[in-house]
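Please have a look at the sequence and the model before reading my entries.

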Amino acid sequence: FVLYWITYEVISTYWFLSWPWLTFGNAMSNNYYFVQWISFFGIYSASGWLILLGFSLRRVLRTNACEKKTRYLIHFWYLLLVPVLFSLALYIFVPLNKKDPLTISMYMPENIDISNLEKAKKLDYYLKYNSPGEFIVTPELFFESIQLSSAVVRSNDLYYPDKIINKYPGSTVFLGAG
């Protein structure tokens with residue numbers, strides 16, 4: 001079951017119907033120091049870890065023999081605490097390279113039914129009056145697909161984001177994937 005589940009998550013990574021790591025990431029976003037181990041083992045290890053914890057807890061609850069129940073309970077706590085303790089050690093003992101906080105500019109267009117060129121122009125206008133941070137982040141589906149029917153529209157759609165990127169060389173722009 002664990003192998004099938006993780007295989008399903010790997011497959012669903014490559015289609016645009018779901019991203020399985022978002023649920024776990026959102027659940028742990030306020031307690032990121034508990035999940036530092038994922039940076040070593042990958043997000044699919046977190047899925048496997050949660051499934052194994054569920055199976056281990058089920059084994060504890062289904063066993064009636066006292067000796068086996070104690071042994072299964074020790075296995076459960078070991079399985080639960082080892083990654084968390086590893087994460088806390090990483091959080092405490094591994095120094096971060098950056099001392100200053102990052103500045104991130106986030107832009108959400110008010111009207112999503114406008115053309116890609118108009119969205120890019122509005123982003124440029126926004127950045128002109130709001131100092132851009134080290135990262136400029138737009139929604140995931142900020143740009144719609146480029147219209148292949150018109151070379152003029154296509155060249156404007158492709159040129160304008162480059163203009164924004166060149167205008168703010170100290171910033172990394174994330175224009176979303178769409």
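**Entry 1: the overall picture**

What percentage of the 178 residues in the protein is buried? I looked it up, and buried residues make up 27% of the 178. Buried here means under 20% relative accessible area, exposed means over 50%, and partly exposed lies in between, with a 1.4 Å probe and protein chains only.

A note to myself on where this comes from: the model is predicted, so local features need pLDDT of at least 70 and side-chain atom pairs count only at pLDDT 80 or more, while totals for chains, interfaces and linings use all residues. Residues are numbered from 1 along each chain as its sequence is written, and side-chain values use heavy atoms, with hydrogens and water left out.

Next I went through the elements and found 7 helices and 3 strands. They are DSSP runs numbered from the N terminus, with helices being H or I of at least four residues and strands being E of at least two. Starting at the N terminus, the order reads α-α-α-α-α-β-α-β-α-β.

**Entry 2: the nonpolar core**

I then looked for the largest nonpolar core, and it has 10 residues: Val35, Trp37, Ile38, Ala46, Trp49, Leu53, Val60, Tyr72, Phe76 and Val84. Such a core is a set of buried Ala, Val, Leu, Ile, Met, Phe, Trp, Tyr and Cys residues joined through side-chain atoms within 4.5 Å. Helix 4 (43-62) and helix 5 each bring at least two residues to this core. Helix 4 gives the most, with 4 residues. I jotted down a general point beside this: in soluble globular proteins, nonpolar side chains tend to be buried together.

**Entry 3: aromatic rings**

For ring pairs I used this rule: rings of Phe, Tyr and Trp (its six-membered ring) pair if their centres lie within 6.5 Å, and planes under 30 degrees apart count as stacked, over 60 as edge-to-face and the rest as tilted. The count comes to 7 aromatic pairs. In one of them, phenylalanine 40 and phenylalanine 41 have ring centres 6.5 Å apart and planes at 45°, so I wrote down "tilted". Both phenylalanine 40 and phenylalanine 41 are exposed.

Phenylalanine 41 also pairs with phenylalanine 86, again tilted, at 6.2 Å centre to centre and 50° between the planes. Phenylalanine 41 belongs to helix 3 (residues 38-41) and phenylalanine 86 to helix 5 (residues 66-93), so this pair ties together parts that are 45 residues apart in sequence. Phenylalanine 86 is partly exposed, with a relative accessible area of 33%, and phenylalanine 41 is exposed at 56%. I also noted that Trp37, Phe40, Phe41, Trp49 and Phe86 form one aromatic cluster.

Glutamine 36 is in the loop between helix 2 (21-27) and helix 3, and counts as partly exposed at 24% relative accessibility.

The 3 strands form an open sheet in the order 1-2-3 with parallel pairing. Two strands pair if DSSP finds at least two bridges between them. Strand 1 (104-106) and strand 3 (172-174) are at the edges with a single partner each, so one side of each has no neighbour in the sheet. Strand 2 and strand 3 are joined by 3 bridges, and valine 137 has phenylalanine 174 in strand 3 as its bridge partner.

**Entry 4: a salt bridge**

How many salt bridges does the structure hold? I counted 1, by the rule of a side-chain nitrogen of Lys or Arg within 4 Å of a carboxyl oxygen of Asp or Glu. Aspartate 124 forms it with lysine 167, with the closest N and O atoms 3.3 Å apart. Aspartate 124 is in helix 6 and lysine 167 in helix 7 (residues 151-167), so to speak distant parts of the chain, 43 residues apart. Aspartate 124 is buried at 7% relative accessible area, whereas lysine 167 is partly exposed at 40%.
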